[in-house]
Amino acid sequence: VLPSDTNADLLLALENGAEGLILPLHGTEDLQELLEGVMPQYISIYLLPLGNPVSALQLFQSWLETIAVAPALIQGGILWSPSDQVFDHQQELGLGVELLEELLELTEDYTLFKAFCIKTSRYTESGSHPLDALTFGLGELVEILDRVSLAPSLVFDSLFLETAVGDHHFGEVGRQLAFRQLVQEFALLYQVELEEQELILFCQTSHWSQSILDAHTNMIRQTYEALSAVLGGANVLWVKPLEEENASTQERRIARNVSAILKE
């Protein structure tokens, strides 16, 4: 979903192969109008905060209350990390941790909806080595666990893993598999036992690997990046249009159909 999308755009996506929505929210949108006809209990929904993540979540929760859907039926999470406050808003990490604690409290009854993610795409999309991205992501998690006032078990239960998949096919397959195992072993240092299947892996195709000139080659890159994510054990796959902000109807359809064809 783009910030400019209408209800018709959302329903068109869901009627033509999409199995979930990623909602960019400021926290002031009219979700009654935007999500009319959407049944959240049957799809995954990920919130992408464009401002305060608490405001975005509260707006979403208010909409769920109006349509009388139980919190336990909602699947998805918030595509946000406390470190976003540092990188995107030039604020202190402490503020991000405070926001996280509020999100954890608000999502207490949402057992299938994750309050935050370990976001590694910020590093790979900036040109970092893919393995460094995992290292930096785990470093963020250490900082969060050191600062948060809640039990580590609650933090691990409320997170999911996010990554952008590049063009080194077999290396990316291995990296996605390793990401889960690393976090699982890391949790043991905090006396938290996690099963690998408990760790949701959210994978998106990358932008930095695309070429400005080779549009058709980009489609191939996009497809094998998506396949790398699937073979690496992704639970959620976000295939982005090649021109994400100004994507044409055809580009969005192609992006949506990549995952549909791989599923077949």
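1. Helix H3 meets helix H5 through Pro 53, Val 54, Leu 57, Gln 58 and Gln 61 on the H3 side, and through Leu 99, Glu 102, Leu 103 and Leu 106 on the H5 side. Sorted by class, this contact of H3 with H5 holds six nonpolar residues, two polar ones and one charged one. The model is a predicted one, and what follows should be read with that in mind.

2. The geometry of this pair comes next. H3 covers residues 53-66 and H5 covers residues 93-106; their axes come within 10 Å and cross at roughly 15°. An angle under 35 degrees counts as roughly parallel, and H3 and H5 are therefore roughly parallel to each other. The hand of the H3 and H5 crossing is left-handed.

3. H5 also packs on H7, which spans residues 130-147; the axes of H5 and H7 come within 10 Å, with a crossing angle of roughly 70°. Because angles of 65 to 115 degrees fall in the roughly perpendicular class, H5 is roughly perpendicular to H7. On H5 the residues in contact are Leu 93, Gly 94, Val 97 and Leu 100, and on H7 they are Glu 143, Ile 144 and Arg 147. The classes in this contact of H5 with H7 are four nonpolar, one polar and two charged.

4. A further pair is formed by H9 (residues 169-188) and H10 (residues 215-231), whose axes come within 8 Å and cross at roughly 35°. The crossing of H9 with H10 is right-handed. From H9, the contact takes His 169, Glu 172, Val 173, Gln 176 and Leu 177; from H10, Tyr 224, Leu 227, Ser 228 and Leu 231. Five of the residues in the contact of H9 with H10 are nonpolar, three are polar and one is charged.

5. The largest cavity contains about 40 Å³ of space.

6. Which residues line the largest cavity? The lining consists of Thr 205, Ser 206, His 207, Gln 210, Gln 222, Lys 240, Pro 241 and Leu 242. By class, the lining of the largest cavity has two nonpolar, five polar and one charged residues.

Conventions: Residues numbered from 1 in each chain as written. Predicted model: local features only at pLDDT ≥ 70, side-chain atom pairs only at ≥ 80, totals over all residues. Heavy atoms only, no water. 1 Å grid on protein atoms, 1.4 Å probe; cavity = no way out; pocket = protein on both sides within 12 Å on 5 of 7 lines; lining within 4 Å. Points joined across faces, edges and corners; volume = space filled by probe spheres on them. Nonpolar A, V, L, I, M, F, W, Y, C, P; charged D, E, K, R; others polar. Axes fitted to C-alpha atoms, helices over the stretch in contact; angles between N-to-C directions. Helix = DSSP H or I, 4+ residues; strand = E, 2+ residues; numbered from the N terminus. Parallel < 35°, antiparallel > 145°, perpendicular 65-115°, else oblique. Left-handed = near helix turned anticlockwise from the far one by under 90°. Contact = heavy atoms within 4.5 Å.
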